[in-house]
Amino acid sequence: MAEAMIEASNLVKRFVSGRIRRRVVEALRGVSFRVYKGEIYSFLGPNGAGKTTTVRILATLLDPDGGEARVAGFDVVKERWEVRRRIGVMLSVERGFYWKLTGRENLYYFGRLYGIPSRELKSRIEEVLDIVGLKDLGGADKPFEEMSLGMKARLGLARVLLKDPEVLILDEPTLGLDPASARTIRGVIKRLASEGRTIFITTHNMVEAELVSDRAAIIVGGRIAMEGTPDELKKRVFNSVNLEFKVRGDGQAAKKFFSKVRSEYANRLVGGVTFSEGVLTFRISVSREEPAEPIIDYVTRLAYQYKFKVLEIKALEPSLEDVFVAVSGSVDAQQGRVRGRIAR
């Protein structure tokens with residue numbers, strides 16, 4: 001069994017706000033999860049769900065009020081310095097760098113703060129600059145204040161890698177980046193995981209989470225509502241897929257053709273039907289437990305009967321974003337428990 005590199009057990013965190021009317025806000029209400037060696041684990045949730053609080057606890061920047069967390073086998077409270085030796089943390093793309101220094105100079109400064117010997121540090125800086133591709137963009141010797149946001153993100157990841165950490169904790173690593181820069185950062189993250197590093201990511205970008213995650217957790221109201229691989233989450237929330245048909249034919253015949261389809265599958269048609277430039281498009285919902293072939297056979301035979309040409313048939317799987325919206329909308333934010341069929 002794979003080694004657990006991050007373990008959270010029943011984490012609780014409360015904040016008190018207000019001077020006159022003191023109000024207790026429960027940021028975390030018993031959060032538990034494990035992240036295994038070499039795994040990319042995405043932590044998803046709406047604003048205020050508890051993502052950043054969890055990150056700060058794992059990074060030893062905030063103590064929990066209850067429960068415990070361990071990183072690389074060390075307690076984040078009792079053995080915080082051992083944890084810090086083994087983690088790389090990126091909480092913001094732009095935070096903490098010296099604006100007048102170049103990328104290389106910033107890395108040298110932080111490397112010395114980390115205690116890396118000067119001779120070793122120089123070669124390590126060149127190595128991490130190559131890993132994140134900052135040299136290729138001409139950013140290694142550019143002052144930080146002149147860098148694009150994409151360059152700053154790469155430099156932030158390079159700083160994280162200076163210590164050659166076993167565990168990376170990345171809070172919104174591609175926030176605000178252009179698509180090309182975000183793709184590069186995702187590629188670096190996947191490469192690092194393939195080398196055996198463990199990566200914990202928070203993100204609002206569901207497409208990104210689906211592309212990079214081995215597993216993901218959705219946190220709402222300070223509790224984890226659901227956890228699993230992207231495919232597992234989709235199957236737990238949605239028990240059906242949509243078959244999309246595109247057929248080409250005469251406009252008058254299209255009305256008769258679709259009338260037949262509607263009479264056969266009236267309760268299973270989803271979304272709208274469109275007819276544009278001779279192409280009729282419609283969708284039929286199919287349970288995951290039933291074969292799709294009978295529906296496909298019926299539609300293709302009907303198309304042949306009405307002299308329609310079948311252009312395309314494809315299964316439309318729900319996205320991780322669909323799962324996130326469904327789960328977030330089905331959770332009582334005060335109790336953090338999943339309601340209805342999603343809970344089953």
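The legends below describe close-up views of a predicted model. Residues are numbered from 1 along each chain as its sequence is written, and side-chain values use heavy atoms, without hydrogens or water. Local features need pLDDT of at least 70 and side-chain atom pairs pLDDT 80 or more, whereas totals for chains, interfaces and linings use all residues.

**View 1. The two domains of the protein chain.** Domain 1 covers 4-236 and domain 2 covers 239-316; such bounds come from an automatic or database domain assignment. The C-alpha centres of domain 1 and domain 2 are 45 Å apart.

**View 2. The aromatic pair of Phe33 and Phe43.** Aromatic pairs are rings of Phe, Tyr and Trp (its six-membered ring) with centres within 6.5 Å; planes under 30 degrees apart are stacked, over 60 edge-to-face, and the rest tilted. The count comes to 16 aromatic pairs. Phe33 and Phe43 form a tilted one, at 5.4 Å centre to centre and 45° between the planes. Because Phe33 lies in strand 2 (residues 23-36) and Phe43 in strand 3 (residues 40-44), the pair ties together parts 10 residues apart in sequence. Strands (E, at least two residues) and helices (H or I, at least four) are DSSP runs, numbered from the N terminus.

View 3. Ring pairs link Phe97, Tyr98, Trp99, Tyr109, Phe110 and Phe144 into a cluster. Tyr98 is found in the loop between strand 6 (87-90) and helix 3 (103-113). Pro143 is found in the loop between helix 4 (118-132) and helix 5 (149-161). Leaving aside neighbours within four places in sequence, Pro143 is in contact (heavy atoms within 4.5 Å) with Trp99, Lys100, Leu101 and Thr102.
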